[in-house]
Amino acid sequence: SNDAFRELELHYRVLAGNQPPLDLSTHLFGGRVGLPFFCAPCAGAKMFHRDGEVAVATASAERRMCYALSSFSTSPFDDVRAVHAGHGKVFQLYVWRDRGFLEDILVRARTAGFETLVLTADLSWYGNREGEKRAGFTVPPSYTLQQLVGAVRSPAWTWDYLSSPPFTYALINGSVPAETIATFVDSQINPSFDWDDAAWLCKQWGGPVLLEGGGRPADAGRAIKTGFSGVWVSNHGGRQLETAPAPIDVLPSIRGAVGPSVEIILDGGVRRGTDIAKALALGADGVAVGKAYLYGLAAGGLPGVRKAIDI
């Protein structure tokens with residue numbers, strides 16, 4: 001996905017008469033926010049640093065940014081609400097099997113002040129993530145020689161991990177220690193979830209809902225007819241469904257399918273500010289960034305997230 005961004009040129013206007021500092025605020029998810037990008041929902045933030053999602057939500061609130069919380073959060077709703085009381089809280093949901101659980105988690109999210117729901121539709125089974133297999137990545141971490149060498153080379157992270165209580169999927173079942181995500185997904189995700197189920201979900205939520213995943217203009221148009229308020233163009237970081245297109249490549253066709261007034265969020269391959277500018281120029285209303293803030297979180301907790309956002 002990042003290679004697709006690199007292939008795009010920016011043709012700059014000159015002598016535009018801009019007066020710094022420029023106003024980067026915009027309108028997202030029904031309200032005014034300070035920046036046109038925000039931290040994407042990523043699973044298991046406490047795996048990167050003990051402060052986890054709370055650190056990311058705190059840095060986001062300081063800059064009046066949106067914040068999107070993953071279904072696989074390791075912090076509960078109330079901890080996030082305590083540090084991000086403003087507009088722009090988004091809850092990311094998977095296609096769970098149990099409708100009773102779905103109804104319960106929706107109520108908990110709304111009670112905690114989350115205004116917008118995003119349904120991730122490209123994880124109806126766990127992808128063949130070859131990069132994770134090569135790296136020996138598991139949750140919790142496995143203790144191979146490669147992992148032990150990495151732990152020795154990163155003593156601050158290792159001490160933070162070893163001295164912290166075991167993290168759990170706080171929104172799913174806080175009493176169960178986090179297991180390998182792939183096992184959990186295979187047991188709890190519903191691959192038969194379809195458009196009728198999606199229509200039910202939109203009515204159940206009763207507020208703005210975005211459909212995340214896929215790159216087909218026809219699906220984007222159908223989403224709006226089904227009851228979604230917007231679409232989130234994503235390929236799940238390029239590691240879920242094999243040979244999925246780069247989101248930035250399909251963004252213009254998605255915008256063409258839904259028209260100018262439907263809200264579109266884009267993520268995938270965003271590494272720098274010029275990538276955000278390119279996405280906005282090609283039709284996105286907002287851009288979600290994942291890896292950049294996770295690197296900052298792992299390196300320095302809250303100060304690291306702040307630094308990543310500032311960069």
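Visitor: How do the residues of the lining of the second largest pocket divide into nonpolar, polar and charged?

Guide: This is a predicted model. In it, the lining of the second largest pocket divides into 20 nonpolar, seven polar and four charged residues.

Visitor: What makes Gly213 and Gly214 part of this lining?

Guide: A lining residue has an atom within 4 Å of a pocket point. The second largest pocket has 31 such residues. Gly213 and Gly214 are among those nearest its centre, along with Ala121, Asp122 and Asp219. By the rule used here, Gly counts as polar, Asp as charged and Ala as nonpolar. The pocket volume is about 610 Å³.

Visitor: Which elements each supply at least two residues of that lining?

Guide: Among them are two helices, α9 (195–205) and α10 (217–226). Strand β8 (230–233) and helix α11 (247–258) belong with them.

Visitor: How do you know that α11 has close to its expected span?

Guide: Take 1.5 Å times one less than the number of residues. α11 has twelve residues, and 16 Å is expected. From its first C-alpha to its last, α11 reaches 16 Å. The span is therefore close to the expected one.

Visitor: Which residues of α11 are called buried, and what is the cut-off?

Guide: Buried means under 20% relative accessible area. In α11 that holds for Pro247, Ile248, Val250, Leu251, Ile254, Arg255 and Val258.

Visitor: Why do you say that the buried residues of α11 line one face of the helix?

Guide: Look down the axis of α11. The buried residues fall within an arc of 155 degrees, so they line one face. In general, an α-helix has 3.6 residues a turn, so residues three or four places apart point the same way.

Visitor: What do the buried residues of α11 pack against?

Guide: They pack against helices α1 (2–6), α10 and α12 (273–281). They also pack against strands β8 and β9 (263–266). Just after α11 comes Gly259, with a positive phi of about 90 degrees.

Visitor: Why is Phe29 called buried?

Guide: The cut-off is under 20% relative accessible area. Phe29 is at 6%, so it counts as buried. Phe29 is placed in the loop between β1 and β2 (31–33). Its phi is positive, about 55 degrees, although Phe29 is not a glycine.

Visitor: Where does Arg64 lie, and what is its phi?

Guide: Arg64 sits in the loop between α2 (52–62) and β4 (67–69). Its phi is near 55 degrees, a positive value in a residue other than glycine.

Visitor: Why does His84 count as buried?

Guide: Set its value against the 20% cut-off. His84 has 1% relative accessibility, so it counts as buried. His84 lies in the loop between α3 (77–83) and β5 (89–93).

Visitor: What does His84 touch, leaving out residues up to four places away in sequence?

Guide: Contact means heavy atoms within 4.5 Å. With those sequence neighbours not counted, His84 touches Ala57, Ser60, Ala61, Met65, Cys66, Tyr67 and Lys89.

Visitor: What makes a space a cavity, and how many of 30 Å³ or more are there?

Guide: A 1.4 Å probe fits in a cavity but cannot get out. The count comes to one of 30 Å³ or more. The largest cavity has a volume of about 30 Å³. Its lining includes Ala40, Cys42, Glu53 and Tyr293. β4 gives the most to that lining, with three residues. The lining divides into eight nonpolar, one polar and one charged.

Visitor: What makes the bond from Pro20 to Pro21 cis?

Guide: Its omega is near 0 degrees. Pro21 lies in the loop between α1 and β1 (26–28).

Methods:
Residues numbered from 1 in each chain as written. Predicted model: local features only at pLDDT ≥ 70, side-chain atom pairs only at ≥ 80, totals over all residues. Heavy atoms only, no water. 1 Å grid on protein atoms, 1.4 Å probe; cavity = no way out; pocket = protein on both sides within 12 Å on 5 of 7 lines; lining within 4 Å. Points joined across faces, edges and corners; volume = space filled by probe spheres on them. Helix = DSSP H or I, 4+ residues; strand = E, 2+ residues; numbered from the N terminus. Buried < 20%, exposed > 50% of the residue type's maximum accessible area, 1.4 Å probe, protein only. Arc of directions from axis to C-beta.
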